[in-house]
Amino acid sequence: MLSTSTRQGLRLASRISRSTPPRVLNLYARASTSAPNSSSQPPPEPRTASFGFRTVPEDAKESMVKEVFDSVASNYDLMNDATSFGVHRLWKDSFVSSLRPGRKGPMKCIDVAGGTGDIALRILDHARETYADRETTVDIADINAEMLKEGFRRFKKTMYHNTPQIAFHEANAQEMSAFPDNTYDLYTIAFGIRNCTSIPAVLKEAHRILKPGGTFACLEFSRVGNPLLSTLYDQYSFSVIPLMGTVLAGDRDSYQYLVESIRKFPPQAEFAQMIREAGFATGKDEDGGAWTDYWGGIASVHKAVKL
Ligand SMILES: C[S@@+](CC[C@H](N)C(=O)[O-])C[C@H]1O[C@@H](n2cnc3c(N)ncnc32)[C@H](O)[C@@H]1O
């Protein structure tokens, strides 16, 4: 739960959440609205989702993911730096500078699953430092109040705090009804979409809230093409990362989940196809087209345009 002072702060900083206070998510809505079983029909198969390598009831995944990020929120930056040797910072820098926010004038941006504000801060810095733009805005949306709290704390140390350039919203990427249609020039999501129960639902909402001509940009762990690099990467991630979780954060399970969830995420071409199915236009199905691989595919950036 957010403390009262942080909740007030979030509310102050938020332009949308003033009119639409954070919603309480009903994780079991599907179960309670389903039709009663008739005696002649077998009960429907429960819908499932992957939670790392486990298969769990679809309705339970959201709260399980929330527990993971509640647990890692306070150590999130330290663990990101330790497990990636700081490389996540370079990837985030490249991701944001490739989007050139501010180049064509002030933009209205949303960073979904924006957690600790890493991407939002880079967008605002890039626009200001490269194009002297102090009017670009970023809405940070995340399902997890603890992660938002970390982001809010970080922004308090910056020049953007208490300005119209930044706002925080507690929201589920799959259901963004508080955000109107055709609103944003740029939608970013970094290392977030693989944690969502339904990727198509996230993409559908991204498409809805972007303006025609707006850009969807996703940075996510992906599939390594080179077999040798893939084996080394597997060994590193399955042995070292959960161990670091234990030593640095006292939390092996959350880091085990994070590694497993990376392997469950669709490969580059499959994800590009899902993006097109949501109504976006992409480049060709190749590195440098619909996506750009970082470090042989350890991470990958997918970009697409709403026509
Ligand atoms: C690995 S963190 C990434 C944070 C940040 N984007 C970054 O790059 O450092 C994943 C984030 O996704 C958020 N998240 C998970 N499921 C979500 C959902 N359904 N809707 C919105 N955010 C979600 C988590 O709360 C967490 O903050």
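Here is a friendly chat about a predicted model of a protein and its ligand.

User: Hi! I'm new to this one. How many helices and strands does the protein have?
Analyst: Welcome! The secondary structure comes to eleven helices and ten strands. Keep in mind that the model is predicted.

User: What share of the residues is buried?
Analyst: Of the 307 residues of the protein, 38% count as buried.

User: And among contacts between residues at least 6 apart in sequence, what share joins residues at least 24 apart?
Analyst: That share is 75%.

User: Let's go to the ligand. Which residues come nearest to it?
Analyst: There are 21 residues around the ligand, and the nearest of them are A113, G115, N144, M147 and A173.

User: Which helices each supply at least two residues of that shell?
Analyst: Two helices to look at are α3, residues 58-72, and α6, residues 118-131. Each of them gives the shell at least two residues.

User: How do the shell residues divide into nonpolar, polar and charged?
Analyst: Eleven are nonpolar, eight are polar and two are charged.

User: You mentioned α6. At what angle does α5 pack with it?
Analyst: Helix α5 covers residues 87-99, and its angle with α6 is about 50°. The two axes are 10 Å apart. That angle makes α5 oblique to α6, and their crossing is right-handed.

User: Which residues meet there?
Analyst: From α5 you have K92, D93, V96 and S97, and they meet D118, I119, R122, I123 and H126 in α6. This contact between α5 and α6 holds three nonpolar, two polar and four charged residues.

User: Okay, new pair. At what angle do α9 and α10 cross?
Analyst: Roughly 150°, with the axes of α9 (residues 227-249) and α10 (residues 252-264) coming within 7 Å. Angles over 145 degrees count as roughly antiparallel, so α9 is roughly antiparallel to α10. The crossing of α9 and α10 is right-handed.

User: Which residues make that contact?
Analyst: On the α9 side there are S237, F238, I241, P242, M244, G245 and T246. On the α10 side there are R252, S254, Y255, Q256 and V259. Six residues of this α9 and α10 contact are nonpolar, five are polar and one is charged.

User: What about α4 and α9, how do their axes cross?
Analyst: The axes of α4, residues 76-84, and α9 cross at roughly 140° and come within 10 Å. These two helices are therefore oblique to each other. The crossing of α4 and α9 is right-handed.

User: Which residues are in that one?
Analyst: In α4 they are L78, M79, A82 and T83, and in α9 they are I241, M244, G245, L248 and A249. The contact of α4 with α9 has seven nonpolar residues, two polar ones and no charged ones.

User: Changing topic: where is T116?
Analyst: T116 sits in the loop between β3 and α6.

User: Is T116 buried or exposed?
Analyst: T116 counts as buried, because it has 23 C-beta neighbours inside 10 Å. Beyond its neighbours within four places in sequence, T116 is in contact with Y76, D77, M147, E150, G151 and R154.

User: What does S300 contact, leaving aside neighbours within four places in sequence?
Analyst: S300 is in contact with E220, S222, Q268, W291, T292, D293 and Y294. S300 and F95 are 205 residues apart along the chain, and their C-alpha atoms are separated by 9.4 Å.

User: One last thing: what is phi of W295?
Analyst: Phi of W295 is near 50°, a positive value in a residue other than glycine. Most residues other than glycine have a negative phi. W295 lies in the loop between β9 (291-294) and β10, and with 15 C-beta neighbours inside 10 Å it counts as partly exposed.

User: And what about phi of R100?
Analyst: R100 has a positive phi of about 45°, although it is not a glycine. R100 is in the loop between α5 and β3 (108-112). It counts as partly exposed, because it has 14 C-beta neighbours inside 10 Å.

Definitions and conventions. Residues are numbered from 1 along each chain as its sequence is written. This is a predicted model: local features need pLDDT of at least 70, side-chain atom pairs count only at pLDDT 80 or more; totals for chains, interfaces and linings use all residues. Axes are lines fitted to C-alpha atoms, for helices over the stretch in contact, and angles run from 0 to 180 degrees between N-to-C directions. Helices (H or I, at least four residues) and strands (E, at least two) are DSSP runs, numbered from the N terminus. Angles under 35 degrees count as roughly parallel, over 145 as roughly antiparallel, 65 to 115 as roughly perpendicular and the rest as oblique. A crossing is left-handed if the near helix is turned anticlockwise from the far one by less than a right angle, and right-handed if clockwise. Two residues are in contact if their C-beta atoms, placed from the backbone, lie within 7 Å. Ala, Val, Leu, Ile, Met, Phe, Trp, Tyr, Cys and Pro count as nonpolar, Asp, Glu, Lys and Arg as charged, and the others, Gly among them, as polar. A residue is near a molecule or strand if its C-beta atom, placed from the backbone, lies within 6 Å of it. A residue is buried if 20 or more other C-beta atoms lie within 10 Å of its own, exposed if 12 or fewer, and partly exposed in between; C-beta atoms are placed from the backbone.
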